[in-house]
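Thanks for coming. I will go through one structure today, starting with the overall figures and then moving to the charged pairs. Please have a look at it first.

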Amino acid sequence: MIQTKASLVEKKGLNLIQNLSNLNEPVNRNFHDGLNFVGKLTPLRIWNAIQLTGSYLISKLTKTPFHAGMPTSISLEPTTSCNLRCPECPSGLRSFTRPTGMLQNETYQKIIDELAPRLSYLIFYFQGEPYLNPTFLEQVSYATRKKIYTATSTNAHYLDDQMAKRTVESGLDRLIISIDGSTQETYEQYRIGGDLEKVISGTKNIVKWKEALKSKTPHVIFQYLVVKPNQHQLDEVQQLAKTLGVNEVAFKTAQIYDYEHGSDLIPTIEKYARYKKGVNGQWQIKNKLTNHCWKMWHSCVITWDGKVVPCCFDKDAHYQLGDSQRSDFKSIWNGEAYRQFRASLIRSRSEIEMCKNCSQGTKVWA
């Protein structure tokens with residue numbers, strides 16, 4: 001009976017995390033991390049999630065945008081800068097048309113102060129390497145004091161002993177470490193300019209300080225972007241994670257920008273490919289572009305300079321729906337630009353350019 005009750009709690013906790021978590025990051029599979037997340041929920045945050053879910057389902061049913069509640073999860077961009085040159089990343093390619101820079105504390109605190117009462121999940125990531133922002137961990141600590149579940153994604157090149165200790169002390173709940181190979185030769189084929197030994201050393205530092213400070217956080221995830229050059233090392237990276245004391249491994253499919261004519265990065269393992277070859281010989285995305293998107297109801301992305309954009313597929317912030325530095329967030333979230341964007345999704349999602357390469361955002365409470 002005890003095991004049955006624990007399983008039910010775990011299932012509900014993981015369901016909440018799966019549907020409230022933001023962006024294209026790993027779903028939580030760990031019981032203790034699930035309890036940590038659920039423990040930060042308040043009656044208002046739970047009610048907010050109910051409002052969002054109800055309004056989303058009503059909108060799907062009526063095919064008319066209706067919205068209640070505030071974001072339950074957001075992504076904040078600490079910086080657009082990055083030390084690596086990954087081939088399918090605007091930061092790595094240095095190809096942004098929008099301004100680049102660092103998230104300032106004044107901008108950050110204004111956003112958090114307004115959203116914190118209803119906000120359940122905050123990921124410090126969009127583009128760039130978060131640890132390049134010198135105030136990044138101060139910003140994590142600020143959210144921790146407001147009892148918001150926090151996460152970030154890093155290439156782990158800056159996790160020296162002192163930074164690892166500060167990371168654990170900040171209260172960060174989840175640390176996603178990108179590791180796309182179990183040998184340097186494989187790793188550097190995608191993480192161009194990267195050093196696998198630094199990734200391993202940084203991971204060891206985090207695990208060491210979790211033990212030294214008797215902290216259960218951050219929950220450490222090895223995120224493995226499966227591409228053709230590294231698809232032969234899936235088992236090896238799982239063994240490496242186990243050896244290092246990493247909590248879990250998440251395999252992620254890769255977004256390819258010019259996929260129609262194929263790419264050397266598309267894996268041959270069908271399970272890990274977002275794309276398939278059509279009868280005409282051209283490649284196409286597997287995902288069906290249904291005319292709705294849960295992300296447009298429960299989450300958003302805010303760039304380093306306060307611009308509000310719909311989701312993580314808008315890398316260059318083409319679809320700016322407001323500026324959080326010039327107006328309060330509630331006005332943006334319930335404003336005409338957002339209403340029209342949600343309406344266009346319900347009318348014809350395939351007409352929105354960034355949605356054509358999307359494999360996310362279509363399910364809620366599945």
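The protein chain exposes about 16,400 Å², and carbon and sulfur atoms supply 52% of that area. Accessible areas here come from the Shrake-Rupley method with a 1.4 Å probe, and for residues only the protein chains shown count as cover.

A word on where this comes from. This is a predicted model, in which local features need pLDDT of at least 70 and side-chain atom pairs count only at pLDDT 80 or more, while totals for chains, interfaces and linings use all residues. Residues are numbered from 1 along each chain as its sequence is written, and side-chain values use heavy atoms, with hydrogens and water left out.

Now the chain as a whole. Its secondary structure comes to 13 helices and 11 strands; these are DSSP runs numbered from the N terminus, helices being H or I with at least four residues and strands E with at least two. Of the 366 residues, 56% count as buried. Buried means under 20% relative accessible area, exposed means over 50%, and partly exposed lies in between, with a 1.4 Å probe and protein chains only. Taking contacts (heavy atoms within 4.5 Å) with a separation of 6 or more, 70% are between residues 24 or more positions apart.

Next, the charged pairs. Side chains of opposite charge can pair when their charged atoms come close. How many salt bridges does a search of the whole structure find? It finds 10, a salt bridge being a side-chain nitrogen of Lys or Arg within 4 Å of a carboxyl oxygen of Asp or Glu.

One of them joins K146 and D113, at 3.5 Å from N to O. This pair links distant parts of the chain, 33 residues apart: K146 sits in the loop between α6 (136–145) and β3 (149–154), and D113 in helix α5 (residues 105–115). K146 is partly exposed, with a relative accessible area of 30%, and D113 is also partly exposed, at 40%.

Another is E336 with R339, where the closest N and O atoms are 3.2 Å apart. Because they are three residues apart in helix α13 (residues 336–348), about one helical turn separates E336 and R339. E336 is partly exposed at 44% relative accessibility, and R339 is partly exposed at 39%.

Last, D305 and K307. Their side chains meet in a salt bridge at 3.5 Å, N to O. Are these residues buried or exposed? D305 is buried, and K307 is buried too. Both belong to a network of salt bridges that links D305, K307, D323 and R326.
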